[in-house]
Amino acid sequence: PFMFLAFSACLNIFLDLFCIVVLKWGCAGAAIATILSQAISGSLCLVFIIRKMDLLWLKKSNRVVKGSAVKELLLMGIPTGLQFSITAIGTMMVQAAVNLLGATYIAAFSAAGKICNIVTLLFPSLGVTLATYVGQNMGAGKIKRIRQGVRITQVITIIAGIVCGLAVFIWGGTASRLFVADPTGEIKAICDEYFHATAWCY
């Protein structure tokens, strides 16, 4: 599943650039790229399960709802769900505020958002991967392995955060021209200002 997820992330970046820059589909192109890459990843997982993982096919005895299992799954799933929903709600609130500033700022914020989505794609993927990893090892009773996995993930996250933060701080404004026409350079300037403020949070 990790290999399929990594493939999906790379495919999403490629399809974003293809749909937005080459086909000129704008926001719809970004949406299509995300849905298509996720659908391909899910399909690959399903094919792999069908061919290689007989253990994952449900039998009649598995179709019984157990309260303890539901509780355990909710305890693992609710924090992940809240993380994604809070991020989405925050983005909508910021977008509503930016819309009041006019078309140039909307275009700049939209381009900066696309760059952020590409650059930070690793972080939510690591979070979901680690949640699965911890759940599997908790079930197997391998607590030492959980601590080791969390430590390694923290190191990867810190290094990636520094690299991504530096990248958008230096090249974020320039990269905005991949997504939006900017004959006056005003959008680049706004994106530079945006990334110079937000890169420290990475």
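I looked up Phe14 and found that it counts as exposed, at 51% relative accessibility (exposed is over 50% relative accessible area, buried under 20%, partly exposed in between, with a 1.4 Å probe and protein chains only). Phe18 counts as partly exposed at 35%.

The model is predicted, so I noted the limits: local features need pLDDT of at least 70, side-chain atom pairs count only at pLDDT 80 or more, and totals for chains, interfaces and linings use all residues. Residues are numbered from 1 along each chain as its sequence is written, and side-chain values use heavy atoms, with hydrogens and water left out.

Next I listed ring pairs (Phe, Tyr and the six-membered ring of Trp, centres within 6.5 Å; planes under 30 degrees apart are stacked, over 60 edge-to-face, the rest tilted). The count is five aromatic pairs. Phe4 and Phe48 have ring centres 6.1 Å apart and planes at 70°, so I logged them as edge-to-face. Phe4 is in helix 1 (residues 2-22) and Phe48 in helix 2 (residues 26-52), so this pair ties together parts 44 residues apart in sequence. Helices here are DSSP runs of H or I, at least four residues, numbered from the N terminus. Phe48 is partly exposed, at 37%.

I then took Phe14 with Phe18: centres 6.3 Å apart and planes at 10°, so the pair is stacked. Both lie in helix 1, four residues apart, about one turn of the helix.

Last, I found Phe109, Tyr194 and Phe195 linked into a cluster by ring pairs. Phe195 is one of the buried residues of helix 7. The buried residues of that helix pack against helix 4 (103-119) and helix 6 (143-175), where contact means heavy atoms within 4.5 Å.

Terms used
Helices (H or I, at least four residues) and strands (E, at least two) are DSSP runs, numbered from the N terminus.
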